[in-house]
Amino acid sequence: MKLIFALLTGLVFGIGIAVSGMMNPAKVLNFFDVAGTWDPSLAFVMGGAVVVTFVGYRLVWRRAAPLFGGRFQLPSSTAIDAKLVGGSALFGIGWGIAGFCPGAALPALGTGRWEVALFLVAVAGGFYLRRLLTPTKRADIAT
């Protein structure tokens with residue numbers, strides 16, 4: 001059952017990305033081009049996502065545990081440090097250059113564009129490089 005709901009959640013996310021046009025890197029890049037062909041629609045997509053997330057968290061935190069898991073898995077640190085700021089900057093730079101974020105690139109694989117696959121290979125390479133450079137201790141994750 002857990003796997004079915006994970007699949008349905010991913011499907012709803014992918015449909016939302018497709019309907020909003022966020023699989024099109026030109027649309028995303030036009031959002032960043034405030035002095036040229038600026039397209040504010042991404043701000044509305046983000047705003048809608050923030051509202052849904054806000055409501056969703058209010059409902060979820062009323063529960064003692066997740067519906068399909070033993071416990072909520074939350075970050076253990078609230079520190080804003082150089083790693084967080086640097087990682088956020090790299091994410092933003094990559095998003096601005098490619099026009100994709102990893103969440104939008106996964107559903108965009110269905111378009112068959114080679115640029116999407118190249119972007120995801122680069123993302124996977126970045127994940128692997130980060131693991132090599134700064135290994136972390138993994139806590140046991142309850143499944």
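Helix H4 gives the most to the lining of the largest pocket, with 10 residues; helices (H or I, at least four residues) are DSSP runs, numbered from the N terminus. The model is predicted, with local features needing pLDDT of at least 70 and side-chain atom pairs counting only at pLDDT 80 or more, while totals for chains, interfaces and linings use all residues. Residues are numbered from 1 along each chain as its sequence is written, and side-chain values use heavy atoms, leaving out hydrogens and water.

The largest pocket has a volume of about 1100 Å³. Here a pocket is an open set of points on a 1 Å grid over the protein atoms alone, where a 1.4 Å probe fits, with protein on both sides within 12 Å along at least five of seven lines; lining residues have an atom within 4 Å of a point. Of the 30 lining residues, Lys-83, Gly-87, Ser-88, Phe-127 and Arg-130 are the closest to the centre of this pocket. Both H4 and helix H6 (114–133) supply at least two residues of the lining.

Turning to the aromatic side chains, the count comes to 7 aromatic pairs. Rings of Phe, Tyr and Trp (its six-membered ring) pair if their centres lie within 6.5 Å, and planes under 30 degrees apart count as stacked, over 60 as edge-to-face and the rest as tilted. Phe-32 and Trp-95 form an edge-to-face pair, at 5.2 Å centre to centre and 85 degrees between the planes. This pair links distant parts of the chain, with Phe-32 in helix H2 (residues 25–32) and Trp-95 in helix H4 (residues 82–98), 63 residues apart. Trp-95 counts as buried at 16% relative accessibility, whereas Phe-32 is partly exposed at 37% (buried means under 20% relative accessible area, exposed over 50%, partly exposed in between, with a 1.4 Å probe and protein chains only). Trp-95 also forms a tilted pair with Phe-91, at 6.2 Å centre to centre and 45 degrees between the planes. Phe-91 and Trp-95 are separated by about one helical turn because they are 4 residues apart in helix H4. At 43% relative accessibility, Phe-91 is partly exposed. Ring pairs join Phe-31, Phe-32, Phe-91 and Trp-95 into a cluster.

Conventions
Grid points are joined across faces, edges and corners, and a volume is the space filled by probe spheres set on the points.
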